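Trainee: Please show me how to read this model, one feature at a time.

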Amino acid sequence: MNAGVKITAFAAALAATFGTAYGVGKGVGPVEEPAKAGHGEHAAQEPRQEPADGHAGHEQGAAAPASSLPGGLQISQDGYTLALETPTPAVGRSTLKFSVKDASGRKVTAFTTEHGKELHFIVASRDLTTFRHLHPVKAADGTWTVDADLPAAGGYKAFADFKPAVKGARGVTLGADLSVPGAYAPKPLPAVAPTATVDGYQVRLGGVLDPGRAGELKLTVTKAGKPVTDLEPYLGAYGHLVALRDGDLAYLHVHPNEGGPGPDVSFTATAPSAGTYRLFLDFRHGGKVRTASFTVTAGAKGAAPAPTAPAPKESGTGEAGHDAGGHTHG
């Protein structure tokens with residue numbers, strides 16, 4: 001990956017809406033991490049608000065052209081479909097199975113490795129308080145399997161981010177719904193705040209997220225008041241960022257292309273619309289991946305969390321059993 005590449009493999013699907021998205025660091029070359037084998041759907045409730053651009057109505061088979069939509073709003077795109085074999089998992093730890101099917105209904109078995117994985121699989125609750133970045137295992141027939149901890153009943157959304165190993169293929173992000181049976185009690189969206197605490201680490205978010213305009217988001221990792229300057233590579237980079245829009249869960253996923261091992265990890269992103277977003281930063285230190293999560297607002301007044309806002313309570317631990325975080329590794 002070089003500095004000229006400013007967006008992930010599914011850039012073509014996102015570019016018209018999200019604009020340029022890329023990561024910048026402290027001036028050293030990109031890091032590499034060997035690919036590893038790992039582990040590996042939405043309830044009937046409606047999103048709690050419709051985003052300003054009205055995309056909420058496009059989920060699960062939109063009439064609008066794929067190129068005009070953010071990632072993850074469609075279950076089928078560019079001739080590929082995300083097929084969930086376990087759309088109603090139970091509360092707690094469940095095994096999820098899925099496949100990507102081509103236009104003929106056959107399971108796709110060949111993918112291009114991007115950021116150390118053939119496919120990135122993410123599950124988020126509809127209230128955006130639970131986030132899981134999972135690493136599924138692919139069988140020879142194209143069936144993917146992953147264990148996931150889903151802590152409460154209700155609606156979830158699963159995202160598959162991949163690039164088929166076909167000449168001329170572009171990256172695709174598909175989204176499908178999971179429904180966990182039981183009494184649904186959505187949690188309120190965490191308040192906007194500039195600092196998240198996870199496992200004793202403090203992560204500070206600076207910058208703005210504006211609709212239709214590129215802006216820098218810089219995340220600074222400290223522990224016990226000291227900068228963390230020895231972050232470890234995770235998926236080929238020192239940080240991994242996912243942004244989900246409240247309401248329809250439109251998906252933006254970027255990686256830093258260059259950078260040193262901390263304490264700063266910087267991204268440039270463009271919001272597709274005004275509204276509220278949740279940002280999830282995965283970082284690795286001491287051999288463990290942790291997730292720091294933030295609520296930000298993109299709109300007429302800009303979107304940066306105020307630097308004087310108080311730090312929220314711990315928002316994730318990087319363990320699969322906790323909200324706003326969780327990783328399953330091979």
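**Reading the contacts, strands and cores**

Mentor: A polar atom in the side chain of R290 lies 2.8 Å from the backbone oxygen of H285. That is a polar contact: N and O atoms within 3.5 Å, where within protein one must be able to donate a hydrogen and the other to accept it, and residues adjacent in sequence count only if both atoms are side-chain atoms. The backbone oxygen of K288 also lies 3.2 Å from a polar atom of the R290 side chain. Two ground rules follow. The model is predicted, so local features need pLDDT of at least 70 and side-chain atom pairs 80 or more, while totals for chains, interfaces and linings use all residues. Residues are numbered from 1 along each chain as its sequence is written, and side-chain values use heavy atoms, without hydrogens or water.

Trainee: Why does R290 count as buried?

Mentor: Buried means under 20% relative accessible area, exposed over 50%, and partly exposed in between, using a 1.4 Å probe and protein chains only. R290 counts as buried because its relative accessibility is 10%. R290 lies in strand β19.

Trainee: In which sense do β18 and β19 pair?

Mentor: Strands of a sheet pair through backbone hydrogen bonds, parallel or antiparallel. Strands here are DSSP E runs of at least two residues, helices H or I runs of at least four, numbered from the N terminus. Two strands pair if DSSP finds at least two bridges between them. β18 (residues 275–285) pairs with β19 in the antiparallel sense, over 11 bridges. L279 stands opposite F294 in β19. The two strands form a hairpin with 2 residues between them, and G286 in the turn has a positive phi of about 65°.

Trainee: What order do the strands take in the open sheet of 5 strands?

Mentor: The order is β2-β3-β4-β8-β7, with antiparallel pairing. β2 (76–77) and β7 (137–138) are the edge strands, each pairing on one side only. β2 joins β3 (residues 80–84) by 2 bridges. Y80 in β3 is the bridge partner of Q77.

Trainee: Which residues have the most contacts inside the largest nonpolar core?

Mentor: In soluble globular proteins, nonpolar side chains tend to be buried together. A nonpolar core is a set of buried Ala, Val, Leu, Ile, Met, Phe, Trp, Tyr and Cys residues joined through side-chain atoms within 4.5 Å. The largest one has 27 residues, and V203, L209, L279, F283 and F294 have the most contacts inside it. A second, separate core has 26 residues, including L134, L150, V172 and V180.

Trainee: How many aromatic pairs does the structure hold?

Mentor: Rings of Phe, Tyr and Trp (its six-membered ring) pair if their centres lie within 6.5 Å; planes under 30 degrees apart count as stacked, over 60 as edge-to-face, the rest as tilted. There are 8 aromatic pairs. F98 and F121 are stacked: 4.2 Å centre to centre, with 10° between the planes. F98 is in β4 and F121 in β5, 23 residues apart. Both are buried. Y201 and F283 are edge-to-face, at 5.7 Å centre to centre and 70° between the planes. F98 and F121 also belong to one aromatic cluster with Y80, F111, W144 and F162.

Trainee: Where is R126 found?

Mentor: R126 sits in the loop between β5 (119–125) and β6 (131–134). R126 counts as buried, at 7% relative accessibility. Its side chain makes a polar contact of 3.2 Å with the side chain of D177.
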